[in-house]
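Welcome to a short tour of a protein structure.

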Amino acid sequence: MKNYIIKRLLFIIPMLVGISCILFVVMHLAPGDPTSMRYGLNPEVSESARANFNRMYDLDKPIPVQYWRWIKRFFTMDFGKSMIDDRPVIEKIMTRLPATILLQAVSLLVVFCIAIPIGVISAVKRNSLFDRVMTIVVFIGYAAPAFWLALVLIFLFGFKMQLFPVSGMTPWYTAYLDEGAKIKDLLWHLVLPVTVTAIGSLASLSRYSRSSMIEVMGENYVLTARAKGLPEKRVILNHVLRNALLPIVTVLGLTLPVLISGSFILETIFAWPGMGRLGYEAIMNYDYPVVMGVGVIATVLTLLGIFLSDITYALVDPRIRFNK
Amino acid sequence: MNRRITFGITIIIILALVAIFASFVATHDPLELDLSLEGRLQGPSPEHFFGTDNLGRDVFSRMVYGTRISLSVGFIAVFISMVIGLFLGGVSGYFGGWVDSLIMRIVEVMYCFPTFFLIMMVITFLGANIVNVMVVIGLTSWAGLCRLVRAEFLTLRERDFVHSAKVQGVSDMRIIFRHILPNAMAPVYVSATLSVGGAILVESALSFLGLGVQVPTPSWGNILTAGKNYIDYAWWLTFFPGVAILITVLSFNLIGEGLREKLDPKLSESR
């Protein structure tokens, strides 16, 4: 088990190097550059000032040299400074990261708590009214564009009913609230973004647990359990559910990249002060160091998620451990 | 025929017809402006089925033309990703060894990539237009397909017909593409159908961020984006394009799921 963990952890490093390399090269090969974005055709800015700016961010060097310098600093956790406000990139990301993690963790929790029961009940009562209705519901949720769903919810619950706040996480007035009220306000702000995220990711998890349950229900040991006269409830909960839920752990790892990808657009709509919005703003401003930083941190989060789900899977299913 | 597949295919055929005959279906010129006070932001009426937008353009006609964008982005992006996925997956599964390890490492990198971030970045820097959107979505979405094809090849390459082809001296590339590939296509169709829906969603999300098809060319995504500023008094601007995207994606997903159930006897035995 220890070897397995070490192997998986070591695997993260080449992945990071590969992904950061692609990001870096694509970013620098693409037309348009921060210098002209910043100064444009402004005649007031002299050639030497432009050259100075280029030198400051290594933009005057060939791309391989730039990448080498970047990756050397990267291993000391130094992502350079933002071109927009000169703050260290790592500091900018770290102030935004908790908001993203909070949103994703709550969404993931909500998705798991709703999707698994839906899948289990659908499998047990296959082709029942519940199964058919839920199939349609999760499919519609999956097909609905997240940003559109967000707009509809903002319109209905924000503008029309004025039930939930439509943007931001901690407005100015939270500074004057006591601890309990702060948490309540935060949860209040989480409702709409979490709902949108959850609706979008319900489908894959609930369908997966449904088909996994159905598959296990066809196994011989389930037949045995029924044949020896166990009550149906025990067969489902103790024999089927336990075995069916095993592979679902891996879906967690696959859901994470989707959630993180989704955060770039959702955080922009809900003005959520997270890393996704930071990344969007950085791209729009050609802020190279921040773009790299956000890309790499998003990848690290994804890789850690996959790592954790692999480890959990190995923990719950001994066959994996012995095979590798 | 499975009911889901029938439903999905019907909708897709209707949409395809609308896209092809857009100039006959549209009731107005999608680019015709009417900047008079009465002409702008009209609600749905017999004259303008889905109302008019902030520049007085007919939303129904714009959406009819937008169908072309969504469908072509969906199909072409998936076509690109299929070409890459089939080729790399086939080569990887057939040859094995270091070729396989190399390709699988690349696939793993693609899997863990924050894909939407990469797409956003490339489109912003390369310039937002429909060709870039299709190509970039295609280039970033082949990893799943590649894995699928490889898995099929791993089992198929041990079969007798492959051995007999080898003995006859058929070239490797011919064995891969003429002998094995046709037998590996079933799960590919499922995955590709589902990907079309995904590609349409990504395109609309990009349009929403202003990175998709540029105005005045109508696309469902950019009609929606223009409408979001008027959401509190012109709901039809955001409602109809959103529903159109939803129904289209839903149709592709239903076809894909229906096909999957047909192919996997475990899921469909009691039907």
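Predicted model: local features only at pLDDT ≥ 70, side-chain atom pairs only at ≥ 80, totals over all residues.

Residues are numbered from 1 along each chain as its sequence is written, chains are lettered from A and ligands numbered from 1 in the order in which they are written, and side-chain values use heavy atoms, with hydrogens and water left out.

**Chain A as a whole**

- Chain A has 14 helices and zero strands, where helices (H or I, at least four residues) and strands (E, at least two) are DSSP runs numbered from the N terminus.
- The C-alpha trace of chain A spans about 85 × 55 × 40 Å along its principal axes.
- Chain A has 324 residues, and 47% of them count as buried (under 20% relative accessible area, with exposed over 50% and partly exposed in between, using a 1.4 Å probe and protein chains only).
- Among the contacts in chain A with a separation of 6 or more, 73% come from residues 24 or more positions apart; contact means heavy atoms within 4.5 Å.

**An aromatic cluster in chain A**

- Over all chains, the structure holds 23 aromatic pairs (rings of Phe, Tyr and Trp, the last by its six-membered ring, with centres within 6.5 Å; planes under 30 degrees apart are stacked, over 60 edge-to-face and the rest tilted).
- One of them is the stacked pair of Trp70(A) and Phe74(A), at 5.2 Å centre to centre and 5° between the planes.
- Trp70(A) and Phe74(A) sit four residues apart in helix 4 (residues 63–74) of chain A, about one turn of the helix, and both are buried.
- Phe74(A) also pairs edge-to-face with Phe79(A), at 5.6 Å centre to centre with 65° between the planes.
- The relative accessible area is 9% for Phe74(A) and 2% for Phe79(A).
- Ring pairs join Phe24(A), Tyr67(A), Trp70(A), Phe74(A), Phe75(A) and Phe79(A) into a cluster.

**Helices 12 and 13 of chain A**

- Helix 12 (residues 275–284) and helix 13 (residues 288–316) of chain A have axes that come within 8 Å and cross at roughly 145° (axes are lines fitted to C-alpha atoms, for helices over the stretch in contact, and angles run from 0 to 180 degrees between N-to-C directions).
- Residues making this contact include Met275(A) and Leu278(A) of helix 12 of chain A, and Val290(A) and Leu301(A) of helix 13 of chain A.
- The contact residues of these two helices divide into ten nonpolar, one polar and no charged (Ala, Val, Leu, Ile, Met, Phe, Trp, Tyr, Cys and Pro are nonpolar, Asp, Glu, Lys and Arg are charged, and the others, Gly among them, are polar).

**Leu256(A)**

- Leu256(A) lies in helix 11 (residues 248–269) of chain A and is buried because its relative accessibility is 15%.
- Leu256(A) touches Leu301(A) and Gly305(A), leaving aside residues up to four places away in sequence.
- Leu256(A) and Leu108(A) are 148 residues apart in sequence and 8.5 Å apart in space, C-alpha to C-alpha.

**A helix pair in chain B**

- Helix 4 (residues 97–112) and helix 7 (residues 143–156) of chain B pack at about 145°, with axes 9 Å apart.
- The residues of this contact divide into seven nonpolar, one polar and four charged.
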